[in-house]
Structures are given as C-alpha cells and as structure tokens.
Amino acid sequence: MSNDIITLTVPAKPEYVMVARLTSAAFASRLGFDIDQIEDIKMSVAEAIILVLNQVVRPMELLIRFENLNEEIHIDISGQGEWVESNVSVQDIDQAQLSRYILGSMMDNVEFKTDNGIMRAVCMHKGCGGSN
Amino acid sequence: MVVLKEKFKSETNTWCISLDGEIDIYNAPELKERLHKLIEQHPGNIILNCENLTYIDSTGLGVLISALRRVKEYDGQITIKNLKPYIHKIFVITGLDKIFTIEVQEV
C-alpha cells in the first residue's frame with residue numbers, strides 16, 4: 001500500500017473527538033490492523049486529544065494527521081490557531097497521567113511536544129506486527 | 001452517548017446502576033453530576049453493571065475515581081461488574097483494577 005496521508009482539522013471541542021476516533025479506526029482498518037489493534041489506536045487518538053484539550057489553555061482547532069509509513073500508522077495530533085484560556089478543573093489536569101499510561105501501553109512509540117509546560121502536540125506510531 | 005439506569009435497593013443500601021454506551025470527554029461531566037447526585041440522595045454502596053458499556057476514556061475513569069472518593073468518605077464500596085475484556089484492559093493499564101472491585105464479563 002502506498003504511503004497515503006489523511007489530514008483532518010476539527011474544532012478543539014470534546015464533541016469532535018469521536019470524529020477523530022472513527023477516522024483513525026477506518027484508516028487503521030484499511031492498513032490491515034486487527035480489531036484489538038484498532039481499538040488501541042482509537043483509544044490512543046482520544047487520549048492524545050484529551051491531553052491537548054485538558055490544560056489551562058487550549059487551542060481553537062486540532063490538526064490530526066494519519067500516515068501509513070513502512071507498515072506503521074503514524075499519527076500526529078497538534079493544537080492549531082489561537083490558544084485560549086480553558087475552564088478545565090484541577091482534577092481533569094490530574095488525569096493526564098492516566099492518558100499517558102494508556103498511550104504508553106497501546107502505541108509502540110509516543111512523543112509529547114511541550115512548550116512552556118503546555119502540551120502542543122502528540123506524535124505516535126504503531127506497527128501492524130507490534131506486540132501491544 | 002451513555003445511558004445511565006439506576007435503582008436503589010434499600011434492603012442492602014445499594015445503588016444498582018447500569019452504564020450503557022460510551023463514556024467520553026463529551027458526556028463525562030454530565031455522568032459525574034448524575035452519579036454525585038445519586039450518592040447525595042442515598043449514600044450507599046454502588047454496583048455498576050457495565051455489560052453494555054462499549055467505551056470509556058480517561059475522563060470517564062476520572063468520573064469513576066471521583067465517585068469512589070465520595071463513597072469512601074462513608075466507607076462504602078463501588079463494584080464494577082461485567083466489564084468487557086478490552087475495557088478491563090484499560091483498568092489494568094491504569095492500575096485502577098487495584099482500587100475498584102472488578103468482575104470481568106465472561107467471553
């Protein structure tokens with residue numbers, strides 16, 4: 001399969017996380033991932049978005065890029081546009097560790113891109129033959 | 001979308017709650033409010049039937065942790081029943097299987 005790329009821009013709002021999850025599942029299915037791996041990928045996309053959204057500031061938009069590279073799915077999720085104050089609770093911010101555990105366990109590799117303590121992007125990949 | 005159906009059993013002082021559908025960052029705040037209201041109404045033990053729960057993210061787990069904190073204030077318990085194996089996996093990854101009493105759905 002060629003190195004196809006899908007890019008998706010959605011408003012940085014909780015109601016659009018499902019759009020990203022479902023797109024990731026459809027793309028991963030096209031790449032030949034099995035059902036368990038697709039569940040892991042869907043879950044990881046949601047958790048990466050939660051990490052970017054549940055902060056003291058959040059972006060106006062999310063850019064989500066899926067790429068098929070060497071039999072791996074590469075997913076980059078980044079905040080775009082103006083970053084505005086959010087009304088997220090301290091408890092929500094505390095949950096970031098749960099997201100990190102889930103991402104670390106479900107993907108082969110995860111990279112967090114922060115700037116002044118703010119999570120600007122999450123880049124991750126998973127191979128079809130991965131052990132996770 | 002998550003559907004919560006609840007019934008209070010006074011003889012055992014227990015809320016039997018079924019959680020159906022998906023718990024995500026969108027509907028987690030509403031679920032949190034509803035669970036906290038039930039706990040206020042009758043501070044009892046909680047049995048969560050997750051037979052028809054198909055997805056939960058970290059914000060949903062946060063709601064359950066928050067409910068557990070409230071319930072522990074009066075030495076109550078939360079038991080989670082009939083978790084699907086792939087959702088149980090999330091509880092194991094996050095270590096939450098150690099703080100909730102969990103029964104996994106038979107495959």
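Mentor: Two residues are in contact if their C-beta atoms, placed from the backbone, lie within 7 Å. Keep in mind that this is a predicted model.

Trainee: Thanks! With that in hand, how many residues does the contact take from chain B and from chain A?

Mentor: Chain B contributes 13 residues and chain A contributes 18 residues. On the chain B side, helix H2 (58–72) and helix H3 (85–93) each supply at least two residues. H2(B) gives the most, with five residues. By class, that side of chain B has six nonpolar, five polar and two charged residues.

Trainee: Let's move to A:Ala28. Why is A:Ala28 called buried?

Mentor: A residue is buried if 20 or more other C-beta atoms lie within 10 Å of its own. A:Ala28 has 25 such atoms within 10 Å, so A:Ala28 is buried. You will find A:Ala28 in helix H1 (residues 17–30) of chain A.

Trainee: Which residues is A:Ala28 in contact with, leaving aside its neighbours within four places in sequence?

Mentor: They are A:Phe33, A:Gln37, A:Ile38, A:Ile41 and A:Ile73. As for A:Asn87, 59 residues apart along the chain from A:Ala28, the two C-alpha atoms are separated by 34 Å.

Trainee: And which residues have the most contacts inside the largest nonpolar core?

Mentor: That core has 57 residues, and those with the most contacts inside it are A:Ala48, A:Ile49, A:Val52, A:Ile77, A:Val122 and B:Leu48. Helix H2 (residues 35–53) of chain A brings the largest share, ten residues.

Trainee: What does A:Ala48 touch, not counting residues up to four places away in sequence?

Mentor: A:Ala48 touches A:Ile77, A:Leu103, A:Val122 and A:Met124.

Terms used
Residues are numbered from 1 along each chain as its sequence is written. Chains are lettered from A and ligands numbered from 1 in the order in which they are written. This is a predicted model: local features need pLDDT of at least 70, side-chain atom pairs count only at pLDDT 80 or more; totals for chains, interfaces and linings use all residues. Helices (H or I, at least four residues) and strands (E, at least two) are DSSP runs, numbered from the N terminus. Ala, Val, Leu, Ile, Met, Phe, Trp, Tyr, Cys and Pro count as nonpolar, Asp, Glu, Lys and Arg as charged, and the others, Gly among them, as polar. A residue is buried if 20 or more other C-beta atoms lie within 10 Å of its own, exposed if 12 or fewer, and partly exposed in between; C-beta atoms are placed from the backbone. A nonpolar core is a set of buried Ala, Val, Leu, Ile, Met, Phe, Trp, Tyr and Cys residues joined through C-beta atoms within 7 Å.
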